[in-house]
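Let's look at this structure together and ask what lies behind each description.

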Amino acid sequence: MKGLRIGVSLPQFTSDAAAFVAGVERARAVGLHSIWLYDHLWPLSGGKDRPVLEAWSALAWLAASTDDVEIGTLVTRSS
């Protein structure tokens, strides 16, 4: 049996990319195994006018900038 693997969902509903990057660095620093992003373009609360870092672009950046954590989306609809 593998050991316990813990991941985190990062806050994407922001216009502050530096805060997103800081979240990635904190997750890596504490040894989390995975980083997950919402594929939604608006938050579930707080109104639809909030800025968002789109999941697939953010995942592409993560994939290019790190290889020590797994990455993925929490939900991706195919239709």
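Q: How many helices and strands does the chain have?
A: In this predicted model, the chain has two helices and three strands. Following the sequence, they come in the pattern β-α-β-α-β.

Q: What describes the way helix H1 and helix H2 pack?
A: Two packed helices are described by the angle between their axes and the distance between the axes. Here, helix H1 (residues 17–29) and helix H2 (residues 55–65) pack at an angle of about 50°, and their axes are 12 Å apart.

Q: Which residues make the contact, and what is its makeup by class?
A: H1 brings Phe20, Val21 and Val24, while H2 brings Ala58, Trp61 and Leu62. By class, the contact of H1 with H2 has six nonpolar residues, with no polar and no charged ones.

Q: What share of the chain counts as buried?
A: Of its 79 residues, 27% count as buried, the cut-off being under 20% relative accessible area. The chain exposes about 5400 Å², and carbon and sulfur atoms supply 58% of that area.

Q: What share of the contacts with a separation of 6 or more comes from residues 24 or more positions apart?
A: Such residues account for 72% of those contacts in the chain.

Terms used
Residues are numbered from 1 along each chain as its sequence is written. This is a predicted model: local features need pLDDT of at least 70, side-chain atom pairs count only at pLDDT 80 or more; totals for chains, interfaces and linings use all residues. Side-chain values use heavy atoms; hydrogens and water are left out. Axes are lines fitted to C-alpha atoms, for helices over the stretch in contact, and angles run from 0 to 180 degrees between N-to-C directions. Helices (H or I, at least four residues) and strands (E, at least two) are DSSP runs, numbered from the N terminus. Contact means heavy atoms within 4.5 Å. Ala, Val, Leu, Ile, Met, Phe, Trp, Tyr, Cys and Pro count as nonpolar, Asp, Glu, Lys and Arg as charged, and the others, Gly among them, as polar. Buried means under 20% relative accessible area, exposed over 50%, partly exposed in between (1.4 Å probe, protein chains only). Accessible areas come from the Shrake-Rupley method with a 1.4 Å probe; for residues, only the protein chains shown count as cover.
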